[in-house]
Amino acid sequence: MTDQNLAIVVLAAGQGTRMKSATPKLLHPLGGIPIVSHVLATAKELDAAHVIAVVRHERDRLADVIGVDMPEAVIVDQDEVPGTGRAVEQAIAALPADFEGDVLVVNGDVPLLDAGTLRELIATHRSGSAAATILSTFPADATGYGRIVRTPEGRLDRIVEHKDASEEERAIGEINAGIYLFGLSQLRDRLAAVTTDNAQGEKYLTDVIGLLREAGFDVDALPVSESWLVEGINDRAQLSDAAAKLNALIVRTWQLAGVTVQDPATTWIDVKAKLAPDVTILPGTQIRGATLVETGAIIGPDTTLLDCEVGEGATVKRTDATLAVIGAGATVGPFSYLRPGTVLGENGKIGTFSETKNATIGAGTKLAHFNYVGDAEVGEQSNLGAGVITANYDGVNKHRTTIGSHVRAATNTVFVAPVRMGDGAYTGAGTVVRKDVPAGSLAITVAPQRNIEGWVAEKRPGTDADKAAQAARAADAGRDESGE
């Protein structure tokens, strides 16, 4: 049920210079989706009456992602005045005039913060008399963070940013986690009084806490025991740390749901992936994007699946696959490459060093090894021998190959598209199929073999091959004389 007394402000205006990237910090992927998408997903779980995202740097790119993840969110552009205080000031100005509830402020670069922790914050705030309630934590290293300064009675007094803190204040281990819950009326009144008179020249949201205290309001701080929940991402090292923590949580969740993950340390699973009970994941495997794996399937080792579907009981070993569908009971690999548009039917096989693209391969059909099948349709229960390929590109356009059911294509057959091969047809080894083959026919293009006697002695005299040939002829002659 929608919380009509809750508005959420997502701060997403920062440039993220420490990432040293052309990609905005909040759009860097984490668990298969942008950093900001995690924050928006958490906001969606809280079902607030209003969600406002404040953007500035690369605003159009961020707005596009926000629009897809949360179409109902209102996007506000931060102006030239820097600082989180200004961002929130502009955000609350976009709220409906009749809204008088609570405003939850979250950072777009804190992706691991869960809805349960925020619900606890909301409940604590609403059960007390504080004008504002914030999250705090005790990290191993507080350097760079705003410190929580408490009164002698242990109540929250003020927040001091690291650059503005004294040595005594920097010795404080409790930091501001950057997550705030305010009553709207008190927040609006104090924001108007916040200045940019500080080391950074910014309008700090944290100054609201001190102003509330000066006005006689109580302010509360709810400590979070697990610091990683509220850690922000500012550089690539922190992104890597967050990815490892998130992945460990995802892997454990699937393990508890009945999935065997043989080596969690080398298994990566994206947040949108879905795994059925009794799936087995072997070491060195990445389950990326919206990949779906059905019960009994075995994935890995050393396999990457991106946006794939894997049927019940299938086996996928040492394979790279993208946007592919693998049928129930099918086997893929080792060392297979499935490109977008591959559909492998039930109990089919794509074997060693085989590549497929935009190809439908019927139930029970086998591509055992060293095959390339692109822009093709292959029927059921066919067998394409070693080295069989479809030559689908003429240098300008791609063309399709259609191969029927119960076809037997012998080793090193080349299908030069566009071409069709009827059901039950065969090819001879080394055949180049350039025209359609009727059902039940044998296609062969092999020229008669011709042996040129003495060619090595004439063209390569004195070589090791010539010497070996002479020795062999001598041995043959000796056997003929002895009658052996």
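This is a predicted model: local features need pLDDT of at least 70, side-chain atom pairs count only at pLDDT 80 or more; totals for chains, interfaces and linings use all residues.
D157 and R213 form a salt bridge, in which the closest N and O atoms are 3.6 Å apart. The pair links distant parts of the chain, since D157 belongs to strand β9 (residues 156-160) and R213 to helix α7 (residues 207-214), 56 residues apart.

## Other salt bridges

The structure holds 19 salt bridges. One of them joins R59 to D77, with the closest N and O atoms 2.8 Å apart. R59 lies in helix α2 and D77 in strand β5, so this pair ties together parts that are 18 residues apart in sequence.

Another salt bridge connects the side chains of E355 and R339 at 2.8 Å, N to O. E355 is in strand β28, whereas R339 is in the loop between β25 and β26; the pair therefore ties together parts 16 residues apart in sequence. Salt bridges with shared partners also join D79, R86, E89 and K203 into one network.

## Nonpolar cores

The largest nonpolar core has 91 residues; those touching the most other members include I8, L104 and I299. Helix α8 (residues 236-256) gives the most to this core, with seven residues. A second, separate core of 33 residues includes I134 and L184.

## A nonpolar surface patch

F335, F353 and F370 make a nonpolar surface patch of about 340 Å². F353 lies in the loop between β27 and β28.

Note on methods:
Residues are numbered from 1 along each chain as its sequence is written. Side-chain values use heavy atoms; hydrogens and water are left out. Patches are made of residues with over 30% relative accessible area and no salt bridge: like charges are joined within 9 Å, nonpolar side chains (Val, Leu, Ile, Met, Phe, Trp, Tyr) within 5 Å. Accessible areas come from the Shrake-Rupley method with a 1.4 Å probe; for residues, only the protein chains shown count as cover. A salt bridge is a side-chain nitrogen of Lys or Arg within 4 Å of a carboxyl oxygen of Asp or Glu. Helices (H or I, at least four residues) and strands (E, at least two) are DSSP runs, numbered from the N terminus. A nonpolar core is a set of buried Ala, Val, Leu, Ile, Met, Phe, Trp, Tyr and Cys residues joined through side-chain atoms within 4.5 Å. Buried means under 20% relative accessible area, exposed over 50%, partly exposed in between (1.4 Å probe, protein chains only).
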